[in-house]
Amino acid sequence: MLVSIFLERHYRLSGRSERLATEKDDTFRLSTESSTYLVKVSPPEEAEAVVALQTAAMRYLESTAPHLPVQRVKSTVGGDDHVTIGLSGGRTRIMRVFDFVEGQVLADVNPDAERLARAGEMLGLIDVALREFTHPADRRGLAWDLRHFHQLTELVEHTPGPEHRQAARSVFRLFGEHVVPRLRDLETQVIHGDFSPYNIVVDPRSDHFVTGVIDFGDTVRSAVIFDPAVPMANLLGRTPDRPWRDACAFVAGYQRERPIKDSELPLLPIAALARLTLRALITNWRAERAPERREYLLDHAKDDWINVERSLAANLDDVVAHLRETRHGHP
């Protein structure tokens with residue numbers, strides 16, 4: 001196939017390729033005689049500058065924070081970060097090769113509070129390391145960027161159940177009342193953007209716990225609090241009787257490395273609810289339009305509405321108070 005030809009020509013790599021299920025890229029696991037790699041081919045609609053932003057962020061971390069276990073980009077034999085594949089009509093796709101990060105993802109383990117805090121520490125370290133990073137494409141438009149959440153209310157109409165629509169409207173109302181008025185003055189920088197349990201590779205036997213950080217596909221310049229909001233959203237509802245417990249454990253670790261401003265901390269639970277609601281809305285919308293990815297998309301978001309409703313039922317002032325207590329070292 002075409003990918004194999006380009007791998008041989010530009011990377012001098014050959015071996016057995018296995019396609020992996022992903023959200024948008026065409027992704028393959030390449031097993032050679034000596035090593036294993038991850039091969040990604042960007043979708044035709046993704047601009048080359050956006051792919052370059054993702055790669056540049058990874059390269060920046062590799063050079064300025066080499067101790068962090070961020071997935072490494074492999075150069076071509078000519079020293080380039082990627083290969084441009086020309087398509088008919090002038091369109092292009094970008095092929096990149098990465099070291100394959102072996103291990104379990106966080107989504108497949110059942111971590112305790114301290115291990116969740118270790119994962120939070122890792123995101124805090126990444127955000128600290130990215131503070132000074134800039135790129136010409138870092139202000140790109142991205143549907144997942146919560147800066148735009150309040151502009152996506154029309155997605156509610158694509159939601160199948162009336163109770164889900166009601167929950168979504170409640171989250172939009174919270175976001176509109178508390179976060180939107182503050183959008184202009186929130187602290188911003190380039191963030192990972194998708195530090196989800198599927199992008200965190202872990203080893204439960206390791207003291208460090210997190211052994212790999214992958215997938216910088218949603219890297220963007222946005223509000224700092226929107227970065228921990230992503231893993232918080234993914235952790236909501238894991239314990240039904242205490243839906244915020246695991247999310248708060250993660251943030252406790254995050255704030256050991258990257259404390260959140262007092263004025264911004266009350267917005268974090270709302271941002272987490274917005275992110276979870278956004279995933280539920282977009283997933284349903286995409287599944288209708290991309291039946292070939294329907295199973296993958298819906299599997300990643302199967303409990304979202306239940307978790308939105310459970311988390312909305314909690315007292316958010318109590319959640320914020322708990323976040324403040326853990327930041328100051330209290331249990």
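Close-up 1. The model is predicted, with local features requiring pLDDT of at least 70 and side-chain atom pairs pLDDT 80 or more, whereas totals for chains, interfaces and linings use all residues. Residues are numbered from 1 along each chain as its sequence is written, and side-chain values use heavy atoms, without hydrogens and water.

**Close-up 2. Ring pairs join Phe-149, Phe-172 and Phe-175 into a cluster (ring centres of Phe, Tyr or the six-membered ring of Trp within 6.5 Å).** The structure holds 4 aromatic pairs. The rings of Phe-149 and Phe-172 are stacked (planes under 30 degrees apart), with centres 4.2 Å apart and planes at 5°. Phe-149 lies in the loop between helix 3 (113-129) and helix 4, and Phe-172 in helix 4, so this pair ties together parts 23 residues apart in sequence. Helices are DSSP runs of H or I with at least four residues, numbered from the N terminus. The relative accessible area is 1% for Phe-149 and 10% for Phe-172. Phe-149 and Phe-175 pair edge-to-face (planes over 60 degrees apart), at 5.0 Å centre to centre and 70° between the planes.

**Close-up 3. The buried residues of helix 10 include Leu-316, Val-319, Val-320 and Leu-323.** Seen down the helix axis, the buried residues fall within an arc of 130° (directions from the axis to the C-beta atoms), so they line one face. On the other side, Asp-317 and Asp-318 are exposed (over 50% relative accessible area).

Technical notes
Buried < 20%, exposed > 50% of the residue type's maximum accessible area, 1.4 Å probe, protein only. Helix = DSSP H or I, 4+ residues; strand = E, 2+ residues; numbered from the N terminus.
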